[in-house]
Amino acid sequence: MAGRPLRRAEVPFRAGSDEGGEWLQYRMLGPVEVVRDDEVVDLGVLKQRALLALLLVNANQVVSTDRIIDELWGDGAGQDREKALWVVVSRLRTALEPDRKKRTDGSILLSRPPGYLLSVDPDHVDAVRFEALCAEELAEPLIEVAGLVVRPVEPGPMVVEQLPG
């Protein structure tokens with residue numbers, strides 16, 4: 001099922017292509033989304049989005065099945081949490097790689113003991129790109145609008161301050 005089409009202004013960059021030649025972007029700043037060839041991918045239910053967010057935060061690292069179950073269901077999930085996770089993983093894999101052969105890992109969401117790994121080029125993740133852009137701009141104000149400037153304070157978070165005069 002195709003997602004909603006994007007207007008060009010909503011697509012700030014083309015980070016690269018996966019092995020199938022499709023353009024994939026991962027958006028974490030705002031709603032968690034994946035964009036393939038200028039269209040938002042239908043990621044399905046909230047659990048699938050939550051799993052993707054957890055794996056993106058830990059991109060290219062194995063996240064244990066136990067941790068995923070704890071993060072997605074907590075204590076209230078009952079006995080079938082592992083089976084429910086398998087279903088969520090399977091559906092997310094299908095959304096990310098619709099042409100992947102059934103019962104295979106594909107190349108993005110991989111089964112790796114003791115859990116799962118999301119294989120992602122960091123340049124394909126908007127939050128990583130944002131952090132890199134901020135790091136490049138440490139010496140200069142990031143934004144100046146209506147007499148306000150936003151700039152980083154070393155070490156620590158960015159601050160907003162009133163410009164003089």
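This is a predicted model: local features need pLDDT of at least 70, side-chain atom pairs count only at pLDDT 80 or more; totals for chains, interfaces and linings use all residues.
**Ground rules.** Residues count from 1 along each chain as its sequence is written. Local features need pLDDT of at least 70, side-chain atom pairs count only at pLDDT 80 or more, totals for chains, interfaces and linings use all residues, and side-chain values use heavy atoms, without hydrogens or water.

**Entry: the sheet.** I looked up the strands (DSSP runs of E, at least two residues, numbered from the N terminus). I found an open sheet of 3 strands in the order E1-E2-E3, with antiparallel pairing; strands pair if DSSP finds at least two bridges between them. E1 (24-27) and E3 (39-40) are the edge strands, each pairing on one side only.

**Entry: E1 and E2.** I noted 4 bridges joining E1 to E2, and Tyr26 has Val34 in E2 as its bridge partner. The two strands make a hairpin with 5 residues between them, and Gly30 in the turn has a positive phi of about 105 degrees.

**Entry: E2 and E3.** Here I got 2 bridges between E2 (residues 33-36) and E3, with Val35 partnered by Val40 in E3. This hairpin has 2 residues between its strands, and Asp37 in the turn has a positive phi of about 45 degrees.

**Entry: E2 side chains.** Which way do Glu33 and Val35 point, and are they buried or exposed? They point one way from E2, Val34 and Arg36 point the other way, and all are buried (under 20% relative accessible area, 1.4 Å probe, protein chains only).

**Entry: Asp66.** I checked Asp66 in helix H2 (residues 65-73), a helix being a DSSP run of H or I of at least four residues. Asp66 is exposed, because its relative accessible area is 57% and exposed means over 50%.
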